[in-house]
Amino acid sequence: MTAGTAPPPGFEVPIIDLSRPCDDHELVAQVRDACQRVGFFHVVNHGVPGEVLHSAMRVTRSFFELPEAVKMRVANSKKGFIPINGQPENAVRPTALHEKFSCSRVDGVDKRTDRAYYDPTGPNAEQAALYFGEANQWPDRPIDFEPTWTAYYKSMELLTGKLMTIFAHALGVPADFFKMFHDKHVTNLVALRYPPMTAEARAAAAGEAEA
């Protein structure tokens, strides 16, 4: 399929139950088939507690509902809040239609000084600064925002590790094959809010998308 085209008749996104062990033959076969035939899949029974999911959604919505002046206290182009069409400008992509909050790793690693993560004098210093040049910016409202996002981030790390193990089994390589490639990952957790748009704003956005 290409952008803007309808899926073929009978097309369905595979739903995969992750409650089974990572080396379960049926599970591995389902993931392999989904990756080869479709390219993505939906997971259920993934092990992330419902309370963690609901709490993350609750505090994120509460944060975005705050006055913009309050949200701007943690404004940052790399980690923190970025308003719609505002400053600071997003270091990665434009925010013409949405506002954004993001954080990076929450495991206590000081990415700004640990050379295994960020060498400010190395050949990739400019790119490294994009991911490691700033510490996470945490809002003080809602009061439980930081611990809630931290719990959610760690849950996603565990889930990702399980998926990497399943992928390894699907490829016929050792179960820990991918561990060396993502033990020092730079993953950002990002929340976007798209507010209601006027007809004029929708028309302008459509024009930008076609440009």
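The model is predicted.

Start with the aromatic rings. The structure has 12 aromatic pairs. One of them joins Phe101 and Phe145. Their ring centres lie 5.0 Å apart, and their planes meet at 80 degrees. Planes over 60 degrees apart count as edge-to-face, so this pair is edge-to-face. The two residues come from distant parts of the chain. Phe101 sits in strand 4 (residues 99–103), while Phe145 belongs to helix 5 (residues 145–171).

Phe101 has 1% relative accessibility, so Phe101 is buried. Phe145 has 0%, so Phe145 is buried too.

Now widen the view. Phe101 and Phe145 belong to a cluster held together by ring pairs.

Turn next to the cysteines. The structure holds 0 disulfides. Cys103 has 0% relative accessibility and therefore counts as buried. Cys35 has 37%. That value falls between the limits of 20% and 50%, so Cys35 counts as partly exposed.

Finally, go back to helix 5, where Lys154 is found. Lys154 is partly exposed, because its relative accessibility is 42%. Which distance separates Lys154 from Val106 in space? From C-alpha to C-alpha, it is 7.6 Å. In sequence, Lys154 and Val106 are 48 residues apart.

Definitions and conventions: Residues numbered from 1 in each chain as written. Predicted model: local features only at pLDDT ≥ 70, side-chain atom pairs only at ≥ 80, totals over all residues. Heavy atoms only, no water. Disulfide = S-S within 2.5 Å. Buried < 20%, exposed > 50% of the residue type's maximum accessible area, 1.4 Å probe, protein only. Phe/Tyr/Trp six-rings, centres within 6.5 Å; stacked < 30°, edge-to-face > 60°. Helix = DSSP H or I, 4+ residues; strand = E, 2+ residues; numbered from the N terminus.
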